[in-house]
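Please keep the sequence and the coordinates open while reading.

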Amino acid sequence: MWLQRYEEKAKIVKNQLADIIRQDRLIVLKVYGEELQMLGPRSIASVFYVDMQMEGPEGIETFWDSGTVAIKELSSLDFERILLIVGEDEISKQTWSAVRKSEDWNELLAVQNGRMDILMSSVLLDYTAFTHELMLDEMLKLWQDRP
């Protein structure tokens with residue numbers, strides 16, 4: 001029952017997102033503690049990569065396997081959009097502050113083009129049915145009616 005409702009909602013959300021958003025290659029990053037982590041399809045990012053059928057850049061699987069990524073390594077990937085989930089603890093916030101001030105970060109095309117969105121983690125990092133549905137709602141808030 002829940003799965004059927006979720007799949008219907010996902011289909012509606014997918015249809016409401018502009019084609020350009022769904023065609024952009026996306027990376028989903030998490031700032032947690034002192035680490036920058038690349039989230040893949042076995043995480044909350046599955047909402048994007050599986051349910052919305054959004055593409056990641058070529059070579060992203062390497063970073064999904066390793067989990068963490070250095071800012072400098074991001075420049076080796078070709079992507080148009082970033083979704084960033086920042087932990088709510090003080091260390092994560094300090095790490096994000098340092099990341100966003102770095103030259104390597106600000107040279108990323110997605111950052112320069114304003115195609116980077118931030119979510120505070122709250123419950124979004126739990127890998128549950130509830131958070132998948134919540135992420136659909138967040139996705140609409142972020143990207144409905146915008147390129």
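The numbered points below take up the salt bridges and the residues around them.

1. This is a predicted model, in which local features need pLDDT of at least 70 and side-chain atom pairs count only at pLDDT 80 or more, while totals for chains, interfaces and linings use all residues. Residues are numbered from 1 along each chain as its sequence is written, and side-chain values use heavy atoms, with hydrogens and water left out.

2. A salt bridge is taken here as a side-chain nitrogen of Lys or Arg within 4 Å of a carboxyl oxygen of Asp or Glu, and by this rule the count comes to eight salt bridges. As background, side chains of opposite charge can pair when their charged atoms come close.

3. Glu133 and Lys9 form a salt bridge through their side chains, with an N to O distance of 3.7 Å. Because Glu133 belongs to helix α9 (residues 129-143) and Lys9 to helix α1 (residues 2-16), this pair ties together parts that are 124 residues apart in sequence; helices are DSSP runs (H or I, at least four residues), numbered from the N terminus. Glu133 counts as partly exposed at 24% relative accessibility, and Lys9 likewise counts as partly exposed at 22%, where buried means under 20% relative accessible area, exposed over 50%, and partly exposed in between (1.4 Å probe, protein chains only).

4. Asp104 and Lys72 form a salt bridge in which the closest N and O atoms are 3.4 Å apart. This pair links distant parts of the chain, with Asp104 in helix α7 (residues 103-106) and Lys72 in helix α5 (residues 71-74), 32 residues apart. Asp104 is partly exposed at 28% relative accessibility, whereas Lys72 is exposed, with a relative accessible area of 58%.

5. Glu73 also lies in helix α5 and is partly exposed, at a relative accessible area of 35%. A polar atom of the Glu73 side chain lies 2.6 Å from the backbone nitrogen of Ala70. The C-alpha atoms of Glu73 and Asp104 are separated by 9.2 Å, although these residues are 31 residues apart along the chain.

6. Within helix α9, Lys141 and Glu138 are three residues apart and therefore separated by about one helical turn, and their salt bridge has its closest N and O atoms 3.2 Å apart. Lys141 counts as exposed at 63% relative accessibility, whereas Glu138 counts as buried at 17%. Elsewhere, salt bridges that share partners join Lys9, Glu133 and Asp137 into one network.

Definitions and conventions:
Helix = DSSP H or I, 4+ residues; strand = E, 2+ residues; numbered from the N terminus. Polar contact = N/O pair within 3.5 Å; in protein donor to acceptor, adjacent residues only side chain to side chain.
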